[in-house]
Amino acid sequence: MSTPPMISTALTRLTGVDHPIVQTGMGWVAGARLVSATARAGALGILASATMSFDELERAIREVKERTDRPFGVNLRADAGYAEERIDLLIRHGVAVASFALAPRRELIAKLKDHGIVVIPSIGAVRHAEKVASWGADAVMVQGGEGGGHTGAVPTSLLLPSVVSAVDIPVIAAGGFHDGRGLAAALAYGAVGVGMGTRFLLTSDSAVPEAIKRRYLEFGLDGTVVTTRADGMPHRLLRTEYVEGLERTGAIGRLLPTLRRSLEFKRMSGLSWLGLAKDALSMKKATGRSWAQMTQAANTPMLLKAGLVDGDTGAGMLASGQVVGLIDDLPSCEELVDRVVRDAAAHLRAAAARLL
């Protein structure tokens with residue numbers, strides 16, 4: 001049973017959820033178990049499809065629908081060569097929301113909207129928000145530099161108000177949020193809700209191994225580092241011994257492990273060599289990465305799998321936002337959402353009272 005609605009925004013009205021909170025689509029973390037628990041709590045859960053084969057994604061969608069009748073979403077890679085067939089899958093199963101890590105093409109947005117699916121791309125710059133807004137996106141999620149995984153350099157406190165002022169569609173704030181005070185602050189900035197990744201990873205409903213969750217809780221505000229050594233793009237990770245070693249290893253030392261993990265990723269994804277090549281070309285065109293960076297791209301999912309699924313921090317990475325240093329417990333999704341909403345409402349009432 002979800003918490004009674006207390007804060008209604010354009011996000012809750014747009015997606016049909018009770019609370020203006022989004023559980024972001026974290027690879028290897030945001031599976032059916034976490035997403036359905038988030039949805040039952042009244043927030044918007046997002047399945048992470050980038051680390052799933054087509055069949056795995058379909059099974060995950062079916063499982064969420066079996067566990068709950070509440071709205072949920074799927075995060076898609078707009079730069080993937082297989083994006084259109086996955087969009088067809090969302091349409092076929094009546095998924096409520098499609099989110100994207102990069103700007104989807106105008107025609108993909110139109111196709112999703114024609115079938116009643118809400119489109120919410122994630123962006124890291126004002127110009128990207130303006131582009132997807134002009135193409136018909138229903139809302140955008142902005143992630144500031146504090147966020148985990150692939151991230152930019154501009155903090156949420158500067159990026160968020162810039163985007164809110166630049167576009168006339170709802171803006172969801174991500175990067176540095178974990179509690180009711182943060183939700184209240186985001187609403188005061190003009191956002192319609194918050195996206196949280198690390199906070200939902202660190203819940204009892206998350207399928208991440210318990211020992212790894214406990215490891216996360218050991219880190220402080222200085223416990224993360226942004227590195228390009230994994231796949232050539234800025235990536236915020238926990239400052240584990242493996243990541244520290246990665247920072248010290250040269251390009252030659254990373255070459256053989258990179259090739260091995262690329263082969264492993266090919267086997268896991270089920271893509272043919274031709275499919276993998278098409279996917280790589282599509283990604284290169286969308287992101288502007290160099291070929292040297294592209295050779296590293298398969299590193300990320302496999303290194304994250306080693307840490308987040310296999311629990312091996314000696315051979316894997318743990319993506320994390322800086323907010324990890326403020327988290328000290330592992331509540332259920334229901335407990336977390338209830339706490340965040342009630343605390344946010346209390347902070348908003350207190351702020352309003354100070355104006356009298």
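User: What do buried and exposed mean here?

Analyst: Buried means under 20% relative accessible area, exposed over 50%, and partly exposed in between, with a 1.4 Å probe and protein chains only. The model is predicted, so local features need pLDDT of at least 70 and side-chain atom pairs pLDDT 80 or more, while totals for chains, interfaces and linings use all residues. Residues are numbered from 1 along each chain as its sequence is written, and side-chain values use heavy atoms, without hydrogens and water.

User: Why is Thr24 called buried?

Analyst: Its relative accessible area is 16%, and the limit is under 20%; therefore Thr24 counts as buried.

User: Where does Thr24 lie, and what is Thr24 in contact with beyond its neighbours within four places in sequence?

Analyst: Thr24 is in the loop between strand E1 (21–23) and helix H2 (32–40). Helices (H or I, at least four residues) and strands (E, at least two) are DSSP runs, numbered from the N terminus. Its contacts (heavy atoms within 4.5 Å) beyond those neighbours are Ala30, Ile46, Met141, Gly195, Met196 and Gly197.

User: How do you know that the buried residues of H6 line one face?

Analyst: In helix H6 (residues 126–134), Ala129, Val132 and Ala133 are buried. They fall within an arc of 105° seen down the axis, so they line one face of the helix. The arc is taken from the directions from the helix axis to the C-beta atoms.

User: Which exposed residues does the face turned away from the buried side of H6 carry?

Analyst: That face carries Arg127 and Ser134.

User: What do the buried residues of H6 pack against?

Analyst: They pack against helix H5 (106–114), strand E5 (118–123), strand E6 (140–143) and helix H7 (156–166).
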